[in-house]
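Subject: Structure for you to look at

Dear colleague,

I am passing on the structure below, together with some notes on what was found in it. Please read them with the model open beside you.

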Amino acid sequence: MNVADLLSARSPRVPTAVLVAALAPAVWGQAVTVGSLADELGDRDTLTVFPTGTGSYKLLQSSSHDQRNGDPSITSPLGRPWGGLNADFSNWERFETNNGRTELVNFEHIGPGAITRWWTTALNGGLLDNNIRIYLADSQGNFSQTPDVTTTANNFVGRNGQGNTLGFGDNFSFITPNVGGNSYGPITYQHGVKVTWDGPSNHRRDGVDYPSLLAQHQATGSGSFDQFRNTSTWYNINYRAYGPGTVVEDFAPGTTTTYAGQLATANTRLTNNVVNGHIGATDTLNNQAIGNGASLTRNYTAPPGAENGQAIREITLKFNGGTGAQQAAALAGTFVELTFDGQRTARVPAGQFFGNGWSENNSNAYNDGDDYFRSVAANGTMTSRWVMPYQNDAQVRLVNESGQAVNVDLAVKAGDYDWTNDSLHFHADYREELGIETRAITVGGNFDGAGILDADFRFIDIRGRGVYVGDTLSVRNRDIGGGGNPDGWWGEGDEKVYVDYLDANGNGAAATPVHVGTGAEDYYGYSFGSGANFQTPFVSQPIATGQRNNPNGLTVNGRVRGLDAITFEQSLKFDLEVWKWREGEVDHGAATFWYGAPGSASMHVAAEMATDFKRHIAGGISNGATSDNIADTAGDGTWTFFNADTRTNPTDTQLLTWGGVGNAGNQGFGGGENGFNPGNDAFNLGAVSDQYLFLDGGDNLGAQGPSFRELALHASGNDLGGTAEREFLVSRWTAGASSVGLINVHGSVRNLVDNGGDSIDFYIYVNGVEFFSVNATGTILPEAFFDFDTTIAEGQFIDFVLGNGPASGGGADEALIRATILSLGDTFNTVTQVVAFAHEDLDQDGDVDDADFALFFAAFSGPGVPTGNRAADLDGDNDTDDADFGLAFAAFTGPGGAANVPEPAGLVLMSLGGLLAARRRRAWSMC
């Protein structure tokens, strides 16, 4: 009897459970417990599956970031916190009295969830001996005045196991240099949680006391900065908000004893670097030569008999021979490329892929480091333990673009993997930005943002479904003048992570970040600019010569995620604020790691206005030469700069000319102190950072700073002076073939100096359609941000238009423009064809037939009993029962998708509880 016959049998008295055998043991419990989370953390395979059904969650963050950054009155058009505000301490949600105690509430969440990562610090370490109190809500979401857990902050975050009273174990909590405390011990709760701290009450964010103290400090300067924050605390708390219906066990002081065995196993796995899961074979190559411009490719296919797929579970790479400089060149110029099931998901320099980051001055190529997923040994052996699943085939490719031949040892370990419709491919990306200019700031600027030339460095922009699991940031810190000045500290910039932020039209203009931090140092688990090296399972600093002000000093920070992995359904964007205490510049390079459903992809840089222009200048230009098309070095488009008579869809244009622009009758590009023609320091082509295109109409070196280098694009003077609607300077990018399709345009424009009548108009047009505009008259234009999506075809263009605005007296000078264009276009020049299967197609052959129902019946468990095959849990409630049977029936097609289930079967299912009314689980979308 086939499935159609079985379903046609009219037997309403016989429940479906009688028709099938429940054979498989349970693999996932229904309740979220400390034990289940310990198991999850100790199994790297968990990150490769998107959590669905009642086990789905969103990772959120509560932190002590400067709350004024979220004030709508100062929020940019993008919606991101703005202002460079850095009073990131003691910004409690409120204060309250419990049993006569005044307690500061720094976190509260109503609903099922789990705290999964807690970082905290204090300038005055004694504050960490104050009590932390954890309150769990009742079924009505109310809290009693008696805490469920009481311990000190030091005991909660732990000091490498010393005095951790909660009992998670040494590797769940650790202290990093300068009192950066970290806890990864999960605190689970069913109805809600509230966390309070017995801290100094004079710095609470209650709408009265803290703001008044802050205002007093800003107005009078009373109290030094250190005195003001000496009684303050900083914190970042990650927590999971589970979906409705998720059963979560409430944490209690004895919970860790109950799950001691599972916690012990997880503790061991976090540090023993053993590959978990099945290893079928190891592909090993020794001392393999790869010539410059050549590549080494290894292909892998899931063998017959594998459980629906396979996974690469470890990759080890070592460069043999050569000097330190040659080794550094190999690390930076040899790319790891990964392809899974026909989709290329990674092209990252080897040093970045394995967590080594950049090398210090090419002398010591390797930065020893070790975390849960990567290792770099002093002898140059680098290991990746990310689990990389695939359904059918995979490719590991090393591409040598280092300018020299390299010799490598390569070992790849692969083994069985149970691929399901919720399995994810591994991705790795890399982006760098060099020569980011920073501005000097004052003590007052620490609080109000005055004098800060703020910027965001974008780590990554992802479109699709997936899980974000880690990153490595390399920073080279340069300071004007050198000399070890402590004001050269670079790491105050806050991370801002946007999750599922696109609206129905695909735009994120009103987006607010889900995660806002208190500084890059805090994101990476330490505090107060420590120059010490450290390594832990989740955060590391393998090198730190540039923590303060060492000329060309290098810092590499790493963070990998387990229970604090960030899930997203349609998009994720990660920006890091570039914030430095002192004028100078920094280089940023970020490697990012994530898992994505087949077809999910990151957006790659298609064009960067200032970067492309800077590289063009470096190629050599004759003073006074006519401007030509500037190659788009990131993609295959071009830049053209011209003067337009009208701002809308300009047709009457004149290419700008190179050279002096200060004289009557000339318009074009000029610079600050480092002009192209040293004899004219005000109006000649100057240097430019990788980040900014500087539009300048005069010699404003005093306002710009003695060493703030910029590219000046003059938008005033005899030829360009004028009225609104007339005489605009246009930077036009024309798309090439590799940048077509969905693009993201982001950046900002800012007017720096008011010369008593400055006026500015700025517009962005895509093929003549306005997407953004901003203007200011007679005053400084604060930095205005743009960030939007659109689609573009080859040969279409984007115009960035600058004009004098409503007033013409001062011209549109002293205006900074940043503009980066990201694309989902096929920048890797590979054709991605991803086949999507319905969830009910268990054997994933393009139909739902007898073979699928055979798998379904084998996995049938009955209500409330965990299934042995998660793919057969079609409604996501952790069992395979009648409800799932109804979904399977509704999807039945017959072999090849040609036949439908006979109508009488519907009568049987209706008699088994109205199963046809069950909501069908969403299938993957075709990408």
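A residue is called buried when its relative accessible area is under 20%, exposed when that area is over 50%, and partly exposed in between, using a 1.4 Å probe and protein chains only. Helices (H or I, at least four residues) and strands (E, at least two) are DSSP runs, numbered from the N terminus. This is a predicted model, in which local features need pLDDT of at least 70 and side-chain atom pairs count only at pLDDT 80 or more, while totals for chains, interfaces and linings use all residues. Residues are numbered from 1 along each chain as its sequence is written, and side-chain values use heavy atoms, with hydrogens and water left out.

Helix α16 is mostly covered, with 7 of its 10 residues buried, and among them are Phe885, Leu887 and Phe889. In the contact (heavy atoms within 4.5 Å) between the two helices, Phe853, Phe856 and Phe857 of α15 meet Asp884, Phe885, Ala888 and Phe889 of α16.

Leaving aside residues up to four places away in sequence, serine 739 touches Ala606, Asp636, Trp733, Ile792 and Ser823.

Turning to strands, which pair if DSSP finds at least two bridges between them, 5 strands form an open sheet in the order β3-β4-β11-β6-β7, with antiparallel pairing. The edge strands, each pairing on one side only, are β3 (94-98) and β7 (149-152). Within this sheet, β6 (residues 131-136) and β11 (residues 192-197) pair over 5 bridges, and tyrosine 135 stands opposite lysine 194 in β11.

Finally, the structure holds 42 aromatic pairs, where rings of Phe, Tyr and Trp (its six-membered ring) pair if their centres lie within 6.5 Å, and planes under 30 degrees apart count as stacked, over 60 as edge-to-face and the rest as tilted. The rings of phenylalanine 174 and tyrosine 184 have centres 5.7 Å apart and planes at 25°, so this pair is stacked. Phenylalanine 174 is buried, at 3% relative accessible area, and tyrosine 184 is buried too, at 2%. The rings of phenylalanine 353 and phenylalanine 593, by contrast, have centres 6.4 Å apart and planes at 70°, so that pair is edge-to-face; phenylalanine 353 in helix α10 and phenylalanine 593 in strand β35 are 240 residues apart.

With best wishes
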